[in-house]
Amino acid sequence: MPKVLPALVKWIEKQMVHHSRFDDSPFIPESEFPWSRGLEDNWHDVRAELDTLLEHRDALPNFQDISTGQRHITNDNHWKTYFFYGYGLRFDANCERCPRTAELLAHIPGLKTAFFSILGPHKHVPPHRGPYKGVVRYHLGLKIPSPEDACGIRVGGQEAHWREGAGMFFDDTYEHEAWNGTHEDRAVLFLDVVRPMAFPYSLFNDMVIKGIARSRFVQEAKGNQDAWEQRFAQLLQRK
């Protein structure tokens, strides 16, 4: 966790148990986020843009190449990413290559992070905890190999499995792990959105999120993303 307003972070996370719009559970009902229906209704459009990107799969960055803080959970070439947003920072060139996905993302309230998350064959992401409870995680299944139960995620001891065109919300500050037990890629659209809270706790939450966005941790990731983008643009120009 970046050292951003540590006392405030600790205090606001405690308040979230009592002042969030929903119970403090590992998985969160989709009904709490009605915008997700529009995204899922158009998942084929998002999948089509993902498929185009996967023509350049090997050139896509590994998660730890962008966010070096992830090296404790992944250090190989089997977790590929393609970022649209990172803690509110928009990556314009990536959005321009996937205009339909970018259009759908632009209508999501409280969106902070968005990327294609691609787990390679037999990739396992070990148990870990997310950095801050002030956002809620969402996965939209885009490319889920058969059998579906061979790919899964466990959050707070509860197991779930992705389905193409279906989403799931969860609290990533519960210990969680994910795996792809097949011979093909598993891909989801991975989002973090602001956790709905009552005022004034929502204001404090916004303060913490803005502080994290200005942290060295996030700014370093932005620099890594910008450098990758330049290399990727050059690669596409040569083809």
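Visitor: Is Y87 buried or exposed?

Guide: This is a predicted model, and in it Y87 is buried, with a relative accessible area of 14%, which is under the 20% cut-off for that class.

Visitor: Where is Y87 in the chain, and what is its phi?

Guide: Y87 sits in the loop between β2 (79–86) and β3, and its phi is near 50°, a positive value in a residue other than glycine. Most residues other than glycine have a negative phi.

Visitor: Which peptide bonds are cis, say at P147 or P200?

Guide: The bond from S146 to P147 is cis, with omega near -10°, and P147 lies in the loop between β6 and β7 (151–155). The bond from F199 to P200 is cis as well, with omega near 10°, and P200 belongs to the loop between β11 and α7 (201–213).

Visitor: Switching to the sheet, what's the strand order?

Guide: Seven strands form an open sheet with antiparallel pairing, in the order β1-β9-β6-β11-β4-β2-β3. Because β1 and β3 (89–90) each have a single partner strand, they stand at the edges, and one side of each is left without a neighbour in the sheet.

Visitor: How many bridges hold β4 to β11?

Guide: Strand β4 (residues 111–119) pairs with strand β11 (residues 186–194) over 8 bridges, in the antiparallel sense, and L119 stands opposite R186 in that pairing.

Visitor: What about β9, which strands does it meet?

Guide: Strand β9 (residues 167–170) is joined to β1 (residues 27–28) by 2 bridges, with I28 opposite F169.

Visitor: Zooming out, what radius of gyration does the chain have?

Guide: The chain has 17 Å, which agrees with the value near 18 Å that a compact globule of 239 residues would have. Buried residues make up 54% of the chain, and of the contacts between residues at least 6 apart in sequence, 77% join residues at least 24 apart.

Technical notes: Residues are numbered from 1 along each chain as its sequence is written. This is a predicted model: local features need pLDDT of at least 70, side-chain atom pairs count only at pLDDT 80 or more; totals for chains, interfaces and linings use all residues. Side-chain values use heavy atoms; hydrogens and water are left out. The radius of gyration is taken over C-alpha atoms; the globule rule is 2.2 Å times the number of residues to the power 0.38. Buried means under 20% relative accessible area, exposed over 50%, partly exposed in between (1.4 Å probe, protein chains only). Contact means heavy atoms within 4.5 Å. Two strands pair if DSSP finds at least two bridges between them. Helices (H or I, at least four residues) and strands (E, at least two) are DSSP runs, numbered from the N terminus.
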